[in-house]
Amino acid sequence: MSALLEMKGISKSFYGTQALKDVNIQISSGEIQAVCGENGAGKSTLMNIMTGILQPDEGDILFDGEKLVDLNPSQAQARGISIVHQELSLCPEVSVAENIFMGRVPEKKRGLVNFKEMRLEAEKVLARLNLKIDVKQPVGRLSISEQQMVEIAKALSINARVLILDEPTSSLTESESKILFENLLRLKKEGIAIFFISHRLKEIFHICDSYTVLRDGVYVGSGQVAEIEPDDIVRMMVGRELDQSYPDKGTEIGKSVLSVANISREDEFENISFQINEKEIVGVFGLIGAGRSETMQTVFGINQPDSGTIKLFDKDVTANNTRENIDQGLIYITEDRKAQGLFLEMDLNANVVAADLEQVTRNGMVDKKKVAAVGEKFVKIMNTKYADLEQPVKSLSGGNQQKVLLAKWLAVDPRVLILDEPTRGIDVGAKFEIHATLRELSNNGHAVMFISSELPEILGLSDRILIMHQGRLVGELDAKTATEEEVMMYASGRKDDFNN
Amino acid sequence: MENAQNSSFLKKLFGFREASLALVIIAFALLLSVFAPGFLSRYNINTTLIGLSMDGIMAVGMTLVLVVGGIDLSVGSVMAFSNVLAGMTMVTLGVNIWISVLVSMVLSIFIGFSISQFVTKIKLSPFITTLSMMSIARGLAYIVTKGSPVSIGEISDLFDFIGGGKTFGIPNPGLILIILVIVMDFLMRNSKIFRKIYYVGSNEEAAKFSGINVNRTKILVYILCSALAGFAGILNLARFGVATPTAGTGAELRAIAGAVIGGASLTGGEGTVLGAFLGIILVALVNNALVLLGVSVYWQQLVIGLVLLTAVIIDMKVHGAK
């Protein structure tokens with residue numbers, strides 16, 4: 001079987017850092033290929049080159065035997081090479097049909113839009129994905145998974161031959177992921193070649209035919225998924241053995257530091273009570289829409305609860321704003337690092353000191369030397385890969401951005417940490433490092449609470465598990481004895497300990 | 001080793017946008033001194049400096065607003081309002097000029113405070129809020145004067161000295177601008193409170209989640225911007241001795257142009273006071289060149305527009321599109 005798309009000897013560097021070095025990859029029609037690698041391994045760069053967003057410094061791209069020179073995004077699109085990014089890029093106020101035909105709207109005479117044809121075509125392409133929705137409604141009203149289908153439909157409508165999916169399941173629930181996979185298999189039968197970028201090995205082994213592994217911008221290996229074990233891929237990605245996937249659990253539990261009693265906020269969550277202790281890691285599980293982030297943001301002081309009380313170190317902090325909570329050692333690390341976490345245009349140092357300018361200020365003036373010292377110290381503690389502390393954060397890979405976000409919060413010297421999806425969309429190696437950091441903080445007497453949508457992570461990292469369902473706390477389990485099935489029973493609303 | 005240090009120093013200097021802007025200004029001034037006789041005359045330099053000082057003061061305030069991610073279209077009108085109010089309270093009510101000045105400044109600050117409340121509490125867009133305020137303040141200036149300029153005559157030696165005198169041979173309005181630029185540039189680069197403006201402008205949500213009081217930062221910025229516009233109005237009164245309802249017409253555009261040429265980003269998070277100052281100088285030099293070369297004043301606005309476009313395009317090419 002000859003390759004549909006082949007990239008040979010691709011090299012690319014930015015800011016003096018080699019992002020890709022002599023990378024080869026190829027894919028045939030009807031093949032689903034996993035692209036694996038840690039953050040900063042060069043996956044995104046490679047895909048950006050494939051879609052014409054970036055130009056390689058060296059190397060050739062062959063498509064259907066034809067050599068593509070100076071590929072730009074519209075040429076790539078015209079050949080049917082499309083990418084669906086992790087962050088969707090639709091216009092929320094515009095209709096589904098118009099989003100699908102963005103830039104290629106069918107016309108009647110005199111430049112008027114042929115809405116009828118557009119709707120019919122949109123319905124036709126959505127039917128290939130087994131999605132029956134009103135194509136006249138604004139895209140913003142659809143669920144995230146439906147929006148993703150619209151993005152895929154958009155790619156299909158340009159006669160897609162190569163489809164790249166970047167972390168497509170990172171914001172989907174399990175059942176939504178299943179629907180996505182069914183669709184991918186359908187497209188595979190149509191002969192479309194699919195690159196599937198994911199950190200979830202289970203998914204890769206479930207859906208992919210073949211794999212290519214990158215590490216630090218270098219090609220490590222490729223082959224058929226059927227002929228390899230998950231552990232082998234992990235080993236290829238990190239270049240070392242992961243002797244255990246989660247750090248040891250805590251041995252003793254310290255005193256209670258944060259206690260939340262009966263807090264409610266209209267339309268968000270109801271009657272939530274819990275406490276967290278020093279030297280303990282508490283995992284909060286729930287499906288999308290369970291109200292976990294809303295609850296924790298209220299505890300942090302982004303919003304105030306309608307009723308109930310929050311006590312930090314035995315002091316009533318219910319009415320505190322975020323600044324007061326940060327100063328007293330309570331922090332919340334957002335799940336949305338781009339929108340709520342980082343100042344992407346600003347450099348690493350400026351980001352690290354953002355939540356505690358006080359510690360680098362003398363007589364009202366920011367001391368640049370201190371900023372540089374604090375920046376370097378915490379970026380290094382988090383083992384972040386960077387070329388220059390004064391490079392903008394947006395030039396880092398996703399996992400390294402996440403490390404900068406954590407560095408920013410460790411720099412405020414917190415006592416109680418609430419982390420929202422701290423390892424979403426990042427690779428195995430960085431994930432392991434973040435888990436180890438959290439356990440170390442806990443062992444050193446910090447109280448740690450984290451929200452996660454990944455069951456293995458909830459069971460593996462936590463000492464205790466809280467489960468939320470539709471704005472209510474429904475279960476509390478000891479992580480040593482809990483099982484995935486049990487947690488899921490609570491999360492899906494089939495079991496409820498507190499609200500009968 | 002030494003070489004490496006040198007090259008990184010040069011890289012920093014040329015990466016430093018104010019340096020390249022200063023070079024452009026110097027080159028332009030050299031050209032003018034050759035081709036436009038009279039450019040280097042003391043008279044020309046002094047009038048140009050006085051002419052740009054009011055715009056410069058407003059460009060300083062505009063920079064703060066642009067960095068925080070907003071815009072203030074009302075500065076020219078607030079300048080006129082403050083100018084007219086100070087003049088008229090004195091002329092019609094017969095109060096002491098310093099009390100008039102105080103009243104004017106308090107009301108300018110109040111305008112800034114109102115803008116900030118609309119922007120932070122009601123969440124109106126700064127563009128619409130200040131577009132309305134632009135019309136309201138200008139309207140007030142016309143109402144108070146019934147549309148025509150009112151002379152205030154000679155009032156106080158000190159007041160006249162501030163507007164018309166010189167210190168160390170430099171016209172006082174220019175000197176005031178220079179001091180303001182030095183102080184505000186230092187504060188914007190170093191002070192904790194002013195650094196927060198960059199964080200808020202760069203990513204408002206992230207600033208909120210980092211415990212930075214976003215609203216307080218915006219309130220500070222809009223108040224400072226209006227206060228500086230009001231101050232420019234007072235300075236204008238001190239300079240010309242006439243309460244003029246048309247003062248500062250089009251000043252918002254020149255202030256925005258100066259700030260943007262100097263590196264401020266309309267999407268927030270970027271910009272320096274020094275850059276805005278240099279931007280305003282460039283705008284003033286272009287105007288001055290047109291005058292000296294005998295080009296009709298009607299061409300000025302057109303040329304300023306072209307200069308702004310050119311500066312922004314060059315910046316995009318050099319620093320990468322945003």
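Angles under 35 degrees count as roughly parallel, over 145 as roughly antiparallel, 65 to 115 as roughly perpendicular, and the rest as oblique. Helices α4(B) and α12(B) pack at about 130°, and they are therefore oblique to each other. The model is predicted.

**Helix packing in chain B**
- Two packed helices are described by the angle between their axes and the distance between the axes.
- Helix α4 of chain B covers residues 75-93, and helix α12 of chain B covers residues 251-261.
- The axes of these two helices lie 6 Å apart.
- From α4(B), the contact is made by B:Val75, B:Gly76 and B:Met79.
- From α12(B), B:Ala251, B:Glu252 and B:Ala255 take part.
- By type, the residues of this contact are four nonpolar, one polar and one charged.

**B:Ile99**
- B:Ile99 sits in helix α5 of chain B, which spans residues 97-120.
- A residue is buried if 20 or more other C-beta atoms lie within 10 Å of its own, exposed if 12 or fewer, and partly exposed in between.
- B:Ile99 has 13 other C-beta atoms within 10 Å, so it is partly exposed.
- B:Thr89 is 10 residues away along the chain from B:Ile99, and their C-alpha atoms are separated by 8.9 Å.

**Overall build of chain A**
- Chain A holds 17 helices and 22 strands.
- Its radius of gyration is 24 Å, close to the 23 Å that the globule rule gives for 500 residues, so chain A is as compact as a globular protein of that length.
- The C-alpha trace of chain A spans about 70 × 50 × 50 Å along its principal axes.
- Of the 500 residues in chain A, 48% are buried.
- Among contacts in chain A with a separation of 6 or more, 68% join residues 24 or more positions apart.

**A six-stranded sheet in chain A**
- Strands of a sheet pair through backbone hydrogen bonds, either parallel or antiparallel.
- This sheet of chain A is open, with mixed pairing and the order β16-β19-β20-β13-β21-β22.
- Its edge strands are β16 (330-333) and β22 (472-478) of chain A, each pairing on one side only.
- From one strand to the next, the twist averages 20°.
- Strands β19 (residues 416-420) and β20 (residues 447-451) of chain A pair in the parallel sense over five bridges.
- A:Asp420 stands opposite A:Ile451 of β20(A).
- Helix α17 (residues 484-491) of chain A packs on the sheet and touches β13 (280-286), β21 (464-469) and β22 of chain A.
- The direction of α17 of chain A makes about 35° with that of β21(A).

Notes:
Residues numbered from 1 in each chain as written. Chains lettered and ligands numbered in written order. Predicted model: local features only at pLDDT ≥ 70, side-chain atom pairs only at ≥ 80, totals over all residues. Axes fitted to C-alpha atoms, helices over the stretch in contact; angles between N-to-C directions. Helix = DSSP H or I, 4+ residues; strand = E, 2+ residues; numbered from the N terminus. Contact = placed C-beta atoms within 7 Å. Nonpolar A, V, L, I, M, F, W, Y, C, P; charged D, E, K, R; others polar. Rg over C-alpha atoms; globule rule 2.2 N^0.38 Å. Pairing = 2+ DSSP bridges.
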